[in-house]
Amino acid sequence: MKIAIAQLNPTIGDIENNAKKIKKQAILANKEGANLLLTPELSICGYPPRDLLLNHSFIHAIETKLQRLALEIPPEIYVLIGTITFNSLAQKEGKKPLYNSVVLINNGKIKQTYNKRLLPTYDVFEEDRYFSAGNEVNYFTLNDVKIGVTICEDLWNDEQFWGKKSYGINPIQELVNENIDLIINLSASPYIVGKQKVREAMLKHLVTKYKKPIIYVNQVGGNDDLIFDGFSCAINKKEEIITRCQPYQEDLAYLNFETNNHDLTSNYIHNLITSEEKEIYQALVLGVKDYAQKCGFSQAILGLSGGIDSALVATIAVSALGKDNVFAVLMPSPYSSQHSVIDAEKLVNNLGIKSEKISIQEAMNSFDLLLNPLFKNTDFGIAEENLQSRIRGTLLMAIANKFGHLLLSTGNKSEMAVGYCTLYGDMNGGLAVIGDVPKTKVFNICKWINRKEEIIPNNIIIKPPSAELKPNQKDEDSLPPYHILDDILERYITQHQSIHDIEKVGHNLETIKKVIKLVNRTEFKRKQAPPVLKITDRAFGTGWKMPIAYRLNIENNLYSNPI
């Protein structure tokens, strides 16, 4: 039996064009003699549709389109399509009105429907907000091959692999109990750094444990703050990767299920990305490209300061949108160093992008004049510093509005964590490109970009970071050195370590307390930030659900999370 994997990049809510993608791949797969085509989770509507699911007309439109699509797909091929279905017993049983489902289509009809059994509620996932959990073991038989159907999370509850049980049932074990021949998993699994290695380790563990081959099909593309890396793959009974699709782009791959030994064969294997910097860079490029395209933008604008963060964002934007579609604005103030202006101009030339220089001196003088009645007899301080950033943010928004550009915010994760950023200033934008990239990783990625030739001027990489909002200002005047800050942030934000545990690895106690205090009091800024492209498992986005108005005595933060 020949099986095709359609690794698709859907647009959320674009039912018509998503269906066209599925139809196109079904026609191609049928011409190649495939018996079965697999598509990702919710491939007809895109993942995650979020509160679009509260719109009953949206669900009915999906249902209608599926019926039509079934008639348009070649009748010979079987196709599994990720979709939404109604739970007809919802009101009677007091359950959610929808299922996250997969339908099996063949010969113009929907033959069977399979419902997702495990509904994640952690991080960015809120599936039990909308869906009921399926309660049936999902499988079908095709060409005498018994195929078990799972949807994303259904695969992620092996107690041996994870060292804990997250759900009361294990759909894989239940499928094996039914003596299936092949396990397939249709997913929309968001990207985080290094996730594919974890996926493949988990899949190999399941093959080792159950002696069944597995095909894993993943969505690809950017949807809002989430990036989906693709990397659909298959593992045979010898625990070998025999198929691995291309990352960060759509793909169509073929493999065979051999009935003589009940195993998979193929040789379509793309290599894993061994460089973390390359992996992150390509993910961010995809995130920017799809966010712009799916939101209707063709061009982007950003402020270019001569610092490393804006240099990285500009480089990513060029890779995503092309040099002719990126516009940089240099906005020097009296505190901007001459070398920063020179560095920014050199980067513009290296990237080949359009630029404009607008001095903000006159605007600063106007604000000083307007505020003088209130600010006289006070010292120059944070308010005056932030005014510079807010003037720049206002200019960028004005240009973006005038010409219909997407404004890219350039702040990194370290700054967003501790509030070293200006609300309504440098935080302005439609997308925070590197808002989940710590400062130390920003440096590493820029060095990787320059591995063959100097694209980002070397002086930008080696000079001490500075906001340049007052004379001789350096980031380390206000913050710990970034290698220390980022390690504390990683331990506190991602690993949920206590003050004592962080102190045990050698960090200064007062520095730890200062950082935690800054993180806790900055939540109001993060809530007003643009969407942050997610590359870690603890990003300041839809998965970050901290309160704004709260009091937390950091002196009591003594115990780490045992979970």
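Q: Which residues do ring pairs link into a cluster with Trp 156?
A: In this predicted model, aromatic rings count as paired when their centres lie within 6.5 Å. Ring pairs of this kind join Trp 156 into a cluster whose other members are Phe 161 and Trp 162.

Q: How many aromatic pairs does the structure hold, and what is the geometry of the pair formed by Tyr 122 and Phe 125?
A: The structure holds 10 aromatic pairs. For Tyr 122 and Phe 125 the centres are 5.3 Å apart and the planes stand at 75 degrees. Because an angle over 60 degrees counts as edge-to-face, the pair of Tyr 122 and Phe 125 is classed as edge-to-face.

Q: Is Phe 125 buried or exposed?
A: The cut-off for a buried residue is a relative accessible area under 20%. Phe 125 has a relative accessible area of 9%, so Phe 125 is buried.

Q: How many residues apart in sequence are the parts tied together by the pair of Tyr 335 and Phe 380?
A: Tyr 335 and Phe 380 form an edge-to-face pair, with 6.1 Å between centres and 65 degrees between planes. Tyr 335 lies in the loop between strand S18 (326-330) and helix H9 (338-351), whereas Phe 380 lies in the loop between helix H10 (361-375) and helix H11 (382-403). Tyr 335 is partly exposed at 26%, and Phe 380 is partly exposed at 44%. The parts that this pair ties together are apart in sequence by 45 residues.

Q: How many disulfides does the structure hold?
A: A disulfide requires two cysteine sulfur atoms within 2.5 Å. For Cys 245, the nearest cysteine sulfur is that of Cys 233, 8.3 Å away. For Cys 295, the nearest is that of Cys 45, at 17 Å. The number of disulfides in the structure is 0.

Q: Which residue forms a salt bridge with Arg 199?
A: The closest N and O atoms of the two residues are 3.0 Å apart. Arg 199 belongs to helix H6 (residues 195-210) and the partner to strand S11 (residues 226-229), 30 residues apart. Both residues are buried. The partner of Arg 199 is Asp 229.

Q: Which residue caps the N-terminal end of H17?
A: Helix H17 (residues 509-521) has 13 residues and spans 19 Å from its first C-alpha to its last, close to the expected 18 Å. A side-chain oxygen of the capping residue lies 2.9 Å from the backbone nitrogen of Glu 510. The cap is provided by Asn 508.

Q: Which helices do the buried residues of H17 pack against?
A: The buried residues of H17 include Ile 512, Val 515, Ile 516 and Val 519. Residues three or four places apart in an α-helix point the same way, because there are 3.6 residues a turn. The buried residues of H17 pack against helices H12 (413-418), H15 (482-494), H16 (499-504) and H18 (523-526).

Q: Which backbone oxygen lies 3.4 Å from a polar side-chain atom of Arg 538?
A: Arg 538 is in the segment after H18, and at 17% relative accessibility Arg 538 counts as buried. Among the residues touched by Arg 538 are Lys 413, Asp 436, Thr 494 and Trp 544. The C-alpha atoms of Arg 538 and Thr 494 are 5.5 Å apart, although 44 residues separate them along the chain. The backbone oxygen in question belongs to Ile 493.

Methods
Residues numbered from 1 in each chain as written. Predicted model: local features only at pLDDT ≥ 70, side-chain atom pairs only at ≥ 80, totals over all residues. Heavy atoms only, no water. Helix = DSSP H or I, 4+ residues; strand = E, 2+ residues; numbered from the N terminus. Expected span 1.5 Å × (residues − 1). Buried < 20%, exposed > 50% of the residue type's maximum accessible area, 1.4 Å probe, protein only. Contact = heavy atoms within 4.5 Å. Polar contact = N/O pair within 3.5 Å; in protein donor to acceptor, adjacent residues only side chain to side chain. Salt bridge = Lys/Arg side-chain N within 4 Å of Asp/Glu carboxyl O. Phe/Tyr/Trp six-rings, centres within 6.5 Å; stacked < 30°, edge-to-face > 60°.
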